[in-house]
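Biologist: I have a model open and want to learn how to read it. Please take me through it feature by feature.

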Amino acid sequence: MSINKDTIKKISKLARISVTNDETDRLEKDLNSILKFVEQLKELNTDNVEPISSVSDQDLTMNKDEVKKINAKDDILKNAPEKNSNYYVVPKVIE
Amino acid sequence: MSDLTKLTLVESVKYIKEKKCSATELVNAYVKRIEKSDKLNCFNTKDLENAVNKAKKIDTNKKLDKTLVGAPIAVKDLFCTKGVKTTASSKILSNFTPTYESTVTEKLWNEDAILIGKLNSDEFAMGSSNETSSFGNVLNPYRLNNENLVPGGSSGGCASAVAADLTSATVGTDTGGSIRQPAAFTGIVGLKPTYGRCSRWGIVAFASSLDQAGPMTKDVKDAALILDVISGYDEKDSTSANKPKSSFLNSIKNNVKGLKVGVPKEYRVDDMPKEVDDLWQEGIKILKDNGAIIKDISLPHTKYALPAYYIIAPAEASSNLARYDGVRYGFRAEGKDLTEMYENTRSKGFGAEVKKRIMIGTYVLSSGYYDAYYLKAQKVRNLIKMDFDNAYKDVDVILTPTTPTAAFRFGEKTDDPIAMYLNDIFTVTANLAGLPAISLPIRCNKDGLPLALQLIGKSFDEQTLLNTAYSIEQQVNFKSQVKDWWM
């Protein structure tokens with residue numbers, strides 16, 4: 001499988017990253033070289049192998065169901081690129 | 001001691017406890033060196049004034065019982081530090097100040113260690129040469145005929161800072177080799193603990209099933225001491241391990257008699273430089289001479305580790321980095337509507353390598369490709385894990401080189417992503433299998449550059465790893481060859 005410029009456009013839309021034409025050329029070259037490299041995996045027969053998403057053999061534990069009050073609203077909002085009183089401000093979503 | 005910054009971490013703490021120097025004297029010695037070392041570009045943020053104030057407080061209070069009392073420690077700029085800027089070396093987080101402290105760093109400060117700054121790295125820990133940072137390259141204190149070299153990556157600022165005596169020790173993070181490879185390039189010790197040994201809470205996430213924090217230090221005992229402090233169960237990270245532990249430092253012993261050491265034939269890769277192969281043989285000989293039993297072993301799926309990694313890590317990264325949207329924190333670029341604001345923010349906020357990995361990750365997780373790439377890689381990951389499970393039926397620990405070469409020049413591998421990724425060929429297997437691994441400097445090559453060996457241990461058996469590394473360290477007696485050319 002190989003990636004062409006249309007696929008790059010499609011992925012960049014999915015990833016919410018706009019790419020310039022120059023960037024598309026470079027990405028096409030690099031992504032194809034990475035894909036070619038990872039396609040070595042096709043040599044392996046993995047029909048009877050379980051996929052693993054983690055190596056941990058630990059069961060997830062439950063934390064105590066208790067309220068912890070963290071009143072850091074002002075500090076947290078200090079990091080917002082744009083805010084209005086207690087709200088984050090974003091460009092208009094609905095016309 | 002005329003220069004306090006030459007002390008190891010263990011020695012520094014001992015000095016303070018025995019009142020051979022005050023915390024203020026120790027911190028000031030580091031501050032003086034840091035101020036003359038801007039050329040190395042190790043620091044994203046310095047916190048020198050606060051550090052001096054904290055040291056004065058320790059001296060006034062005269063309470064010297066804590067494990068790391070007075071030790072000045074800079075950490076990778078991937079650990080959230082309350083009230084101190086945390087950037088992941090990315091433009092997109094360049095103005096982010098966390099409102100909370102990561103568990104690992106909190107444990108350091110609870111033992112009265114003193115934060116002196118945040119260290120440069122590859123952007124979001126993605127890179128093997130520290131060349132992807134938004135804040136410029138870090139220089140390796142080692143040079144090749146007066147030419148600058150990369151410190152390795154992603155924890156390049158950490159590695160150079162320890163090697164150049166700008167911090168008494170540090171903690172980095174390792175997703176595919178990011179502690180061990182830079183440690184190897186700069187002649188220091190780097191330990192990636194077992195997955196789950198240390199809490200990931202408050203660490204900027206790259207690939208959550210692979211990321212692990214760990215010590216980068218001047219010697220093996222320092223690594224044991226840092227691991228003692230930063231490890232342990234944390235209810236804020238459900239993958240942190242609930243295992244009993246004793247003191248790694250107090251249990252360390254120089255004894256490898258009867259230890260079964262595996263030497264995997266698959267790590268003898270094509271065109272490995274002779275000096276690296278010789279180094280490996282040297283390590284084998286040292287262990288053998290000290291009573292260890294050497295066994296040839298096979299880890300048949302080794303060659304597939306790096307390809308599997310370059311599916312799994314970008315897949316997890318593309319998901320983790322979705323949070324950087326210009327809404328709640330970080331950099332924002334304007335756009336005519338919400339979607340365009342997202343797209344412009346992420347396009348201008350992320351660097352080229354990060355974008356590349358998000359794109360690969362998005363592709364392998366996208367409809368129609370998920371099974372062929374992502375699911376396949378997860379199966380191969382299991383094969384790699386089973387390779388180790390089988391090997392550990394016969395051996396206690398595995399010995400390999402850490403990297404296929406010594407440190408290289410800037411720009412040498414930036415044009416070819418695969419050439420850069422091959423740096424992690426020996427380190428990435430431990431991340432996929434979740435195993436602990438340590439890089440240990442052995443000696444310098446004919447050009448005066450450090451070379452290192454790696455030990456990979458059984459799950460949660462960092463003690464055997466530390467003991468074996470300590471035994472080798474006692475034999476090779478590696479001495480730093482850093483000359484202060486930048487000062």
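Modeller: Start with a strand pair. Strand S5 (residues 189-192) of chain B and strand S10 (residues 437-444) of chain B run antiparallel, joined by three bridges. Strands count as paired if DSSP finds at least two bridges between them. Lys192(B) stands opposite Ala437(B) in S10(B). This is a predicted model, in which local features need pLDDT of at least 70 and side-chain atom pairs count only at pLDDT 80 or more, while totals for chains, interfaces and linings use all residues. Residues are numbered from 1 along each chain as its sequence is written, and chains are lettered from A and ligands numbered from 1 in the order in which they are written.

Biologist: In which sense do S5(B) and S6(B) pair?

Modeller: A general point on strands comes before that. In a regular strand the side chains alternate between the two faces of the sheet. Here, S5(B) and S6(B) pair in the antiparallel sense, over two bridges. Gly190(B) stands opposite Met216(B) in S6(B). S4(B) and S6(B) also run antiparallel, with five bridges between them. There, Gly172(B) faces Gly214(B) of S6(B) across the pair.

Biologist: Is strand S6 of chain B mostly covered or uncovered?

Modeller: Strand S6 (residues 212-217) of chain B is mostly covered, with six of its six residues buried. Buried means that 20 or more other C-beta atoms lie within 10 Å of the residue's own; 12 or fewer is exposed, and in between is partly exposed, with C-beta atoms placed from the backbone.

Biologist: What is the order of the strands in the sheet?

Modeller: The order is S4-S6-S5-S10-S11-S9-S7-S8 (chain B). These eight strands form an open sheet with mixed pairing. Its edges are strand S4 (170-174) and strand S8 (293-297) of chain B, each pairing on one side only. From one strand to the next, the twist averages 30°.

Biologist: Now helices. How do I read a packed pair?

Modeller: Two packed helices are described by the angle between their axes and the distance between the axes. Take helix H1 (residues 5-14) of chain A and helix H12 (residues 352-365) of chain B: their angle is about 95° and their axes are 9 Å apart. That makes H1(A) roughly perpendicular to H12(B), a label for angles of 65 to 115 degrees. Axes are lines fitted to C-alpha atoms, for helices over the stretch in contact, and angles run from 0 to 180 degrees between N-to-C directions.

Biologist: Which residues make the contact between H1(A) and H12(B)?

Modeller: Ile11(A), Ser12(A) and Leu14(A) on H1(A), with Met359(B), Thr362(B) and Tyr363(B) on H12(B). Contact means C-beta atoms, placed from the backbone, within 7 Å.

Biologist: How many residues of chain A are in contact with chain B?

Modeller: 42 residues of chain A are in contact with 55 residues of chain B. On the side of chain A, H1, helix H2 (21-38) and helix H3 (73-78) each give two or more residues. H2(A) gives the most, with seven residues.

Biologist: Where is Ser18(A), and what does it touch?

Modeller: Ser18(A) is in the loop between H1 and H2 of chain A. Ser18(A) counts as buried because it has 20 C-beta neighbours inside 10 Å. Beyond residues up to four places away in sequence, Ser18(A) touches Ser12(A), Glu343(B), Asn344(B) and Ser347(B).

Biologist: And a nonpolar core?

Modeller: In soluble globular proteins, nonpolar side chains tend to be buried together. A core here is a set of buried Ala, Val, Leu, Ile, Met, Phe, Trp, Tyr and Cys residues joined through C-beta atoms within 7 Å. The largest has 159 residues, and Ile73(B), Ala308(B) and Ile311(B) have the most contacts inside it. Helix H10 (residues 305-320) of chain B supplies the largest share of this core, 10 residues. Leaving aside neighbours within four places in sequence, the contacts of Ile311(B) include Val38(A) and Tyr374(B).

Biologist: Is Lys19(B) buried or exposed?

Modeller: Lys19(B) is exposed, with 10 other C-beta atoms within 10 Å. Its phi is near 60°, a positive value in a residue other than glycine.

Note on methods:
Helix = DSSP H or I, 4+ residues; strand = E, 2+ residues; numbered from the N terminus. Parallel < 35°, antiparallel > 145°, perpendicular 65-115°, else oblique. Contact = placed C-beta atoms within 7 Å.
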